[in-house]
Amino acid sequence: MTDNSKPRVFSGIQPTGKKTLGNYSGGFRQYVQTQATGDAFFCIVDLHSITVDYDPADLRESTLDLAALLFATGLDSEKSTVFAQSHVSAHAEAAWLLSAVTSYGQLGRMTQFKDKSEGREFISAGLFTYPVLMAGDILLYQTDLVPIGDDQRQHLELARDVAERFNFRFGETFRVPSGVFPEVGGRIMDLQEPTKKMSTTLSSEQGAVYITDTPDAIRKKFKSAVTDSERGVRYDPEAKAGVSNLLEIMSVATGRSIDDLQAEFGDAGYGTFKEAVGESVVELLAPIRERFEALRADERELQRLLAVGAEKARRVADPTLEQMYDRMGFAKATAGRLFGAARPRGL
Ligand code: TYM
């Protein structure tokens, strides 16, 4: 299972709400691509999902939803290790140990923390320390490559800093990971508010396309997508405009280049263009939705696959955790056990 000739790949995704076309573009799509070339681990990060208000019953359901979706979008349980974070206790332990080498100031500069805490009455300590847990996720697997969308860039940078600080302070322990970002579609924007990223938690129902949306819902959302006034179908990513976002979405859905799409739709009206984008997304997502429904119906099989994944994950994560305890100077737990066994019976 652990093949040293291939780069180690690790990524995580939260089991919160319905996953979006943005998650597909920066997440799922890249997972499948990297699975082909790397020794890959994909983690359903349920421990991350308790950092904002949530319902325990939903968390259980969403964990299985996400497992089904990961397989429906093309992960193969024979090639990749797919597992739930809470099933591998090394993740929670690593987060605590790594908090010793994480800067409080750097955590305070995380834009995701600022965005997610804004306007909330209750802000959990977990929302603040979230990037430490994420650093542990990545570092426990001696990861080379982390496929993610643009919004996780800052968190990955922090993970690299944490790895370097630990290595410097306690001796060479971790590989320092690199991010893998999509060339096009690294930040899919909200269809109604194209200056904001498409998000499960922050977008409106009309602004976000969900991977499991019905074809009709998808068509409707694209029909009402916001476009720029009088600029035509032109790509200008700096302008953060609706049309550029739609071009990126169509490129992700069809695999065609932006140039190619501009050549075809440059003179078309917005109505025709939006309809074509919607159709391309229906074509992409309809088969995924069908596979998702079939896989989701068999909960026992999903649970079995997650158990197999957790077992494989533990075999890689546990030795790194042991090494961390050791390098940080903790007394070995086995010493106590040996002492107990050597004691004369009856005492
Ligand atoms: P999460 O669950 O929010 O998102 C999963 C993946 O989807 C990408 N993504 C997007 N890509 C393009 N456009 C968008 N609008 C968009 N929205 C989301 C994200 O960049 C991500 O790659 N903190 C992480 C989960 C995590 C993790 C990890 C990732 C925990 N531990 C270790 C990598 C490695 C998160 O909340 O992703």
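Student: What lies 3.0 Å from a polar atom of the side chain of Gln142?

Tutor: The backbone oxygen of Thr173. Keep in mind that this is a predicted model, where local features need pLDDT of at least 70, side-chain atom pairs count only at pLDDT 80 or more, and totals for chains, interfaces and linings use all residues. Residues are numbered from 1 along each chain as its sequence is written, and side-chain values use heavy atoms, with hydrogens and water left out.

Student: What makes the pair of Gln142 and Thr173 a polar contact?

Tutor: A polar contact is a pair of N or O atoms within 3.5 Å; within protein, one must be able to donate a hydrogen and the other to accept it, and residues adjacent in sequence count only if both atoms are side-chain atoms. The Thr173 oxygen is at 3.0 Å. The side chain of Gln142 also reaches the backbone nitrogen of Arg175, at 2.9 Å.

Student: Why is Gln142 called buried?

Tutor: Buried means under 20% relative accessible area, exposed over 50%, partly exposed in between (1.4 Å probe, protein chains only). Gln142 has 18%, so the residue is buried. Its place is in the loop between H6 and strand S4 (145-147). Helices (H or I, at least four residues) and strands (E, at least two) are DSSP runs, numbered from the N terminus.

Student: How do you know that the buried residues of H10 line one face?

Tutor: Ile258, Leu261 and Phe265 are the buried residues of helix H10 (residues 258-265). Seen down the axis of H10, they fall within an arc of 65°, so they line one face. The arc is that of the directions from the helix axis to the C-beta atoms. Exposed Asp259 and Ala263 sit on the face turned away from the buried side of H10.

Student: What covers the buried residues of H10?

Tutor: The cover includes helix H9 (242-254) and helix H11 (270-296). Contact here means heavy atoms within 4.5 Å.

Student: How far is an oxygen atom of the ligand from an N or O atom in the side chain of Asp151?

Tutor: That distance is 2.4 Å. A backbone N or O atom of Ile188 lies 2.8 Å from a nitrogen atom of the ligand. The protein covers 96% of the 720 Å² of accessible area that the ligand has on its own (Shrake-Rupley method, 1.4 Å probe).
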